[in-house]
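Open the structure in your viewer and keep the selection panel at hand. This tour goes stop by stop.

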Amino acid sequence: MFKKKYTCLMFGEGKNDKDFIYALSGLGKFEYHTQNWHFNYGNAHGCSALDILKECNREKTGAEDLVLCFIDLDDLKHDYSQTWEVEKQKLEDNAVAYGIIIIWFLDKLEEELSRVLGEGYKGQSISREAKNNIEKFINSDLWHRILNVIKECENKLNLNKKS
C-alpha cells in the first residue's frame, strides 16, 4: 500500500465547515492534486475567531506538515466593525506563531457556496452540493485558495528533502 508523504489537519469553524472541507477533499480532482497528502479533520463549535484558532492549535498533534484553519470573516467584521482588518492581521500573526495557516471564508461558508454555485445553491447538504457541482468548485477562488496553499507547502517540503 502506498504511504502518503505528508499530513494536513483541516480544521473548520463548525460542523458544516468540517463537512464541507471533508466533502471537498474527497472529490476525485482534489485527491488527484493532493495524492501525496493524508488529511485529518476537526472542528470547533461556532465560537470567536480567536477561540477557533486556539481550538485548532489544541487539535494539532505535532506530526502535521500543514495545518489549515477555516474561519468565517463575517464574525470578525461584526465583532470589530471598525478595526476588523487589524484584528484579522493579529489572528494571522497568531496563526503563524502556532504553525497554522488561516483560510478565510469570505464572510461565511454559506456565502462562499453562494458565490461558487450562484443561483443554484439552495442550502442543501454541503457534501451533496460539492459532489453535484464539481466543475463549479474546481474553477472557484475558494478551490484555488485552498489548493494553492497545499501545493506551495508540498513544494517547500520537497525542496527541503532534496537539500
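Strands here are DSSP runs of E, at least two residues long, numbered from the N terminus. By that rule, tryptophan 37 lies in strand β2. The model is a predicted one.

**Whole chain**

Colour by secondary structure. The chain holds nine helices and four strands. Along the sequence, the pattern reads β-α-α-β-α-β-α-α-β-α-α-α-α. Now colour by accessibility: of the 163 residues, 41% are buried.

Select the four strands. They form an open sheet in the order β2-β1-β3-β4, with parallel pairing. Which strands stand at the edges? They are β2 (37-43) and β4 (101-105). Each has a single partner strand, so one side of each is left without a neighbour in the sheet. Look along the sheet next: neighbouring strands are turned by 20° against each other on average, direction ignored.

Strands of a sheet pair through backbone hydrogen bonds, either parallel or antiparallel.

**β1 against β3**

Select residues 6-12 and 66-72. These are β1 and β3, which run parallel and are joined by four bridges. Pick out two of the pairs. Cysteine 8 stands opposite leucine 66 of β3. Phenylalanine 11 has cysteine 69 in β3 as its bridge partner.

Now show the side chains of β3. How many of its residues are buried? The count is seven of seven. Both faces are covered. On one side are Leu66, Leu68, Phe70 and Asp72. On the other are Val67, Cys69 and Ile71.

**Tryptophan 37**

Go to β2 and centre on tryptophan 37. Is this residue buried or exposed? Buried means under 20% relative accessible area. Tryptophan 37 has 2%, so it counts as buried.

Show its contacts, leaving aside neighbours within four places in sequence. The list is Lys4, Tyr6, Thr7, Cys8, Asp65, Leu66, Ile150, Cys153, Glu154 and Leu157. For one distance, pick leucine 66: it is 29 residues from tryptophan 37 in sequence, and 9.8 Å away in space, C-alpha to C-alpha.

**The largest pocket**

Rolling a probe the size of a water molecule over the atoms shows where empty space is left. The largest pocket has a volume of about 160 Å³. What lines the largest pocket? Select Lys4, Tyr22, Ser25, Gly26, Glu31, Thr34, Gln35, Trp37, His38, Phe39 and Tyr41. Two elements give two or more residues to this lining: α1 (15-25) and β2. The most come from β2, with four residues. Colour the lining by class: four residues are nonpolar, five polar and two charged.

**Leucine 142**

Last stop: helix α9, residues 141-162, where leucine 142 is found. Its relative accessibility is 1%, so leucine 142 counts as buried. Leucine 142 and isoleucine 103 are 39 residues apart in sequence. In space they are 8.9 Å apart, C-alpha to C-alpha.

Conventions
Residues numbered from 1 in each chain as written. Predicted model: local features only at pLDDT ≥ 70, side-chain atom pairs only at ≥ 80, totals over all residues. Heavy atoms only, no water. Pairing = 2+ DSSP bridges. Axes fitted to C-alpha atoms, helices over the stretch in contact; angles between N-to-C directions. 1 Å grid on protein atoms, 1.4 Å probe; cavity = no way out; pocket = protein on both sides within 12 Å on 5 of 7 lines; lining within 4 Å. Points joined across faces, edges and corners; volume = space filled by probe spheres on them. Nonpolar A, V, L, I, M, F, W, Y, C, P; charged D, E, K, R; others polar. Buried < 20%, exposed > 50% of the residue type's maximum accessible area, 1.4 Å probe, protein only. Contact = heavy atoms within 4.5 Å.
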